[in-house]
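Q: I would like a close look at one part of this model. Please take me through it step by step.

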Amino acid sequence: MKKRFSETIADAWGVPKDVIMNIPRLTISGDKEIYIENHKGVLTYTDGEIRISTAMGIVRIRGKNLVIQRIRLEDVLISGVFAGVEYQI
Amino acid sequence: MFNKFFQFLRGYVIIRIYGRGAERFLNICVRRGISVWNTLPRENGIEMTVPVSGFLRIRSVARKCRVRVEVLDKRGLIYTARSYRKRYVFLASVMAAIILCALSTRFIWLVEINGVENSDINSIVETLDSMGVKSGGRKSKLPDGMTMKREIITNTDNIAWAWVYIEGAKARVEIYEQIIPPNVIDKSKPCDIVAACDGVIKKLTVKNGEEVIGEGGAVSAGDVIVSGKVGVYSEEQPEEYIYVHSMAEAEAYTTHTKSGEYKLYYESRTPTGRKKKHVSLELFGKAFTLPPPTVNYDDFDESERRCELNIPFFGYTGIALDITEYDEVTVNREPLPVDTALEFAQNDLEAKISKELTPMSRLTDEKLEYEKTDDETINVTLEMNFIQNIATEQPLGGE
């Protein structure tokens, strides 16, 4: 797979890729809270599934009682009881 | 909490979005800078909260996404005020209460004096009264801080520093008393050396004055050991006396005894959770007390607290509640071994005796005795023997 230029720069300089490539950063706290930075919007929002669009594809979160606690242009905070987190690239 | 308060001030609308473009609606709102919070997934849509400023901008977003917007609730100061705008009596009462509170802070309703231990508090209160620092006194008529400080220090003895802090309708007076130095007699004035307590003199060193009681002599508290009245004898001259400032050190064997009654059990008090309150309202310096409750608990702890009504920028308003709480407790008695009770008694009695000692006293012997007065009480006597300097200066009265 061919590397993107920005990825080559990030590898060469040792800079975190999410800073240069705008790829999402996910912070998962146990099975109760997910914090996603660098998202591009919400695609699906139900209490069993949330799909978030990102620069590298779609992040799908499955679980129970899923709630978007806070959504801003740069980040989104999701809470609930998670069953799985998938990347749909 | 602050977040909720500011949200209430700004006002917000709880809406429900119906339609297939609900997620798109959410994304566009975020992109256009409309704050969105409390988003909840619902059947056929999403429930969310938007501020009033954002709510006015969502019409075009809804049209673009082809969704239906239902307003579930409107909350905030603007909506609350709107619902009360026709209730003239209520609004007038609120305004009157605010004006009353604001006006009440133009007067002093409470004077709190801190830091007085040895000084004459009545003298301080009289001085404050004369300056208008009293319940009902007008704040605008008060003299400046330096004048009040000067008056308090001048009119009352042993005050090193004082300041009157005005906090709303409360005047807090902070007093710092002078530390009074030990009474040292001027070296130019004649004095005797007397015994500070009972004892037998072990060693007497006289630097000035005439010895009255020598080594081995027994003295009681107040007995003259070295006299400042010294006889001068000359041949063929009548006897004359000179008066000197006596100086001496009198090391003596002394005995100090203290006794007290101590219990052979330890009491622990556990709250049961039942409590009664007695509330009294203080309104602009006048107390209105409700009838006290009937406290029919066998054992209870009593505590008092005060709740003062303070409003921002004005401070204390002159309205306060004094609450007395009676908490029911269960008292459990746990027996104490005699040794433990004696140890406690010895510490307690030693602390009492130490207050009677002069500096540099040396302990030579101590004896602890006890006798049972009943099954639960012992009478403990502690006898402590010391070698101490019992010499104290006493001025020669009028001579």
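What pattern does chain A follow when read along the sequence? And what can be said about the place where chain A touches chain B?

A: Start with chain A. This is a predicted model. Read along the sequence, chain A runs α-α-β-β-β-β-β-β. That makes two helices and six strands. Chain A has 89 residues, and 20% of them count as buried. Now take the contacts in chain A between residues at least 6 apart in sequence. Of these, 32% join residues at least 24 apart.

Next comes the contact between the chains. Chain A gives 13 residues to the contact, and chain B gives eleven. On the chain B side, α2 (22–31) and β2 (36–42) each supply at least two residues. The residues on that side of chain B divide into seven nonpolar, two polar and two charged.

Look at the strands here. Strand β5 of chain A, residues 57–71, pairs with β2(B). The pairing is antiparallel and has two bridges. Arg70(A) has Trp37(B), in β2(B), as its bridge partner.

Stay on β2 of chain B, and find Leu40(B) in that strand. Is Leu40(B) buried, partly exposed or exposed? A residue needs 20 or more other C-beta atoms within 10 Å to be buried, and 12 or fewer to be exposed. Leu40(B) has 16, so Leu40(B) is partly exposed. Set aside its neighbours within four places in sequence. Leu40(B) then contacts Val67(A) and Glu47(B). Arg16(B) lies 24 residues from Leu40(B) along the chain, and their C-alpha atoms are 9.2 Å apart.

Now turn to another element of chain B, helix α9. This helix covers residues 338–354, which is 17 residues.

The buried residues of α9(B) are Ala341(B), Ala345(B) and Leu349(B). They cover an arc of only 55 degrees around the axis, so they sit on the same side of α9(B). An α-helix has 3.6 residues a turn, so residues three or four places apart point the same way.

What covers these buried residues? The cover includes β17 (247–263) and β23 (377–389) of chain B. The face of α9(B) turned away from the buried side carries exposed residues. These are Asp339(B), Thr340(B), Asn347(B), Ala351(B) and Ser354(B).

Note on methods: Residues are numbered from 1 along each chain as its sequence is written. Chains are lettered from A and ligands numbered from 1 in the order in which they are written. This is a predicted model: local features need pLDDT of at least 70, side-chain atom pairs count only at pLDDT 80 or more; totals for chains, interfaces and linings use all residues. Two residues are in contact if their C-beta atoms, placed from the backbone, lie within 7 Å. Helices (H or I, at least four residues) and strands (E, at least two) are DSSP runs, numbered from the N terminus. Ala, Val, Leu, Ile, Met, Phe, Trp, Tyr, Cys and Pro count as nonpolar, Asp, Glu, Lys and Arg as charged, and the others, Gly among them, as polar. Two strands pair if DSSP finds at least two bridges between them. The expected span of a helix is 1.5 Å times one less than its number of residues. The arc is that of the directions from the helix axis to the C-beta atoms.
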